[in-house]
Amino acid sequence: VLVVGAAGTGKSRFFIKPNILQMNSSYVITDPSGEMIYSMGNILKEFGYKIKIFNISDMEHSNCYNPLQYIRNEAGVNMLIDCFIKNTTKDGAKGDEFFTNAERLLYSACIYYLWQNCTDESRKNFGSIINMINSSAVDENNANAKSPLDELFDGLPQDCLAWKFYKAFKQAAGKTLKSIIISCVTRLQPFLTPQVANLTKVDNLELEKMGDELTALFIITPQADQTYSFLASMLYTQLFETLYFKGEEQKAMGGSERLKYPVRCLMDEFANIGEVPEFPSKLSTMRKYNISATVILQDISQIEAMYKEEWKTLVGNCSSIIFLGSAEPNTLKYFSEMLGKGTVVDRGRGISHGKMSGANQNFKNQARELRFADELGRMDSSECIVFTANMY
């Protein structure tokens, strides 16, 4: 479902709350102001829901989420790094692709080391990654000098992925290496703060159990500050990947890939979550696993800015679209065109002078937009427009 409505049109009051109160599935709810957990938390708890809170606004009052806990294969490593880089690259900042790719090599080396070669479970988190990168001092005057990180990777077998990625990273020369390391530390800067380090140290969100027991996960994101929004996009990315894996596992054991309880994602203020890699294509495949998503926006331009080329695919994969009202011209034009045209009867009058003077009337059928953009802009707040697949 795609819901579009400006502030004050009732997205929370008339859509999110009534759908949560159906209590017919597990829920993942983006809750920008913490309003939903405040008004819905107790009633869900009374009806047997397990409540989880991932609170980026107030990290001390939150369940913990460790992204490294959900890595199962090489694709999971790539997806995590891809999501992290996309959501920590500032809008309009092109950067140098060489440096970004070199950063990927170093992140991959560190993550593979922690995932496959490290036996200490307490070290498998982002805090350890930044500690590792910080220990990679480069001596520009002595190319043969070994940093603590060099010595760590030198002790690994040469057929393991961590060693291979680190070897590829070390192909760069001294000054360039130094620049790459500084870029990595800058990008990983949030994990230097104690709150973020503690939030991502261990994991007790148990995303893999969302389809096994009735759970409500509230993701509370700051409305004004998007510094840590990459954590929400990483969580959504790994949630889908984990539940897909769970479904495929069930299917391999002779069952159905459909989860026991449907998992419904109510993604309010979708633009504040950050970009979820391959989300438009996920919308077309999640249904078979008993997963559904509701994308909630203030206007269409928000989604255009995030998913440049793919936003039309995203809209096309929503079988229901709800328009609650907006003042944004492009959004009004978009929905006016989407409504199409209707037939109206045009009545004309004429008066003729002369010998046979008289009045006449003529009627003709004419096409007209069902609602012009300006009419949609004046739509009564008690009304909305719903587009449902294959229906007028």
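The model is predicted. Start with the whole chain. The protein chain holds 15 helices and ten strands. How far does the C-alpha trace of the protein chain span along its principal axes? The spans are about 110 × 55 × 40 Å. The radius of gyration tells a related story. The protein chain has 27 Å, whereas a compact globule of 392 residues would have a value near 21 Å.

Of the 392 residues in the protein chain, 47% are buried. The accessible surface comes to about 20,300 Å². Carbon and sulfur atoms account for 50% of that surface. Contacts can also be sorted by distance along the sequence.

Now turn to charge. The protein chain carries 41 positive and 45 negative charges. Side chains of opposite charge can pair when their charged atoms come close. How many salt bridges does the count come to? The count is 16 salt bridges. A few of them are worth a visit.

Begin with Lys17 and Glu35. These two form a salt bridge, and their closest N and O atoms are 3.5 Å apart. Lys17 lies in helix H1 (residues 11-20) and Glu35 in helix H2 (residues 35-46), so the pair ties together parts that are 18 residues apart in sequence. Is Lys17 buried or exposed? Lys17 has a relative accessible area of 18%, so Lys17 counts as buried, since the cut-off for buried is under 20%. Glu35 has 35% relative accessibility, which means that Glu35 is partly exposed.

The second pair is Lys86 and Glu275. Their side chains meet in a salt bridge, at 3.7 Å from N to O. Lys86 sits in helix H3 (residues 74-87), while Glu275 sits in the loop between S5 and H11, so this pair ties together parts that are 189 residues apart in sequence. Lys86 is partly exposed, with a relative accessible area of 38%.

Lys170 lies in the loop between helix H7 (161-169) and helix H8 (174-187), and Asp150 lies in helix H6 (residues 148-154), so the bridge ties together parts that are 20 residues apart in sequence. Lys170 is partly exposed, at a relative accessible area of 32%. Asp150 is buried, at 5%.

Salt bridges can also share partners. Lys50, Lys52, Glu206, Lys209 and Glu213 are joined in this way into one network.

Where is Glu206 found? Glu206 is in the loop between helix H9 (194-199) and strand S4 (215-220). Its relative accessibility is 25%, so Glu206 counts as partly exposed. Leave aside its neighbours within four places in sequence, and Glu206 is in contact with Lys50, Lys52 and Tyr70. Glu206 and Tyr166 are 40 residues apart in sequence, and their C-alpha atoms are 31 Å apart in space. The backbone of Glu206 also deserves a look. Glu206 is not a glycine, yet it has a positive phi of about 50 degrees.

Glu278 has a positive phi of about 60 degrees, although Glu278 is not a glycine. Glu278 lies in the loop between strand S5 (263-267) and helix H11 (279-285). With 52% relative accessibility, Glu278 counts as exposed, because exposed means over 50%.

Asp268 is found between S5 and H11. Asp268 is buried yet has no salt bridge. Which side chain of opposite charge is nearest to Asp268? That side chain is Lys11, 5.6 Å away. Asp268 still has contacts beyond its neighbours within four places in sequence. Lys11 is one of them, and Ser12, Ile16, Thr30, Pro32, Ile273 and Ile296 are the others.

Notes:
Residues numbered from 1 in each chain as written. Predicted model: local features only at pLDDT ≥ 70, side-chain atom pairs only at ≥ 80, totals over all residues. Heavy atoms only, no water. Helix = DSSP H or I, 4+ residues; strand = E, 2+ residues; numbered from the N terminus. Rg over C-alpha atoms; globule rule 2.2 N^0.38 Å. Buried < 20%, exposed > 50% of the residue type's maximum accessible area, 1.4 Å probe, protein only. Areas by Shrake-Rupley, 256 points an atom, 1.4 Å probe, with all protein chains shown as cover. Lys, Arg positive; Asp, Glu negative; His and termini not counted. Charge placed at Lys NZ, Arg CZ, Asp CG, Glu CD. Salt bridge = Lys/Arg side-chain N within 4 Å of Asp/Glu carboxyl O. Contact = heavy atoms within 4.5 Å.
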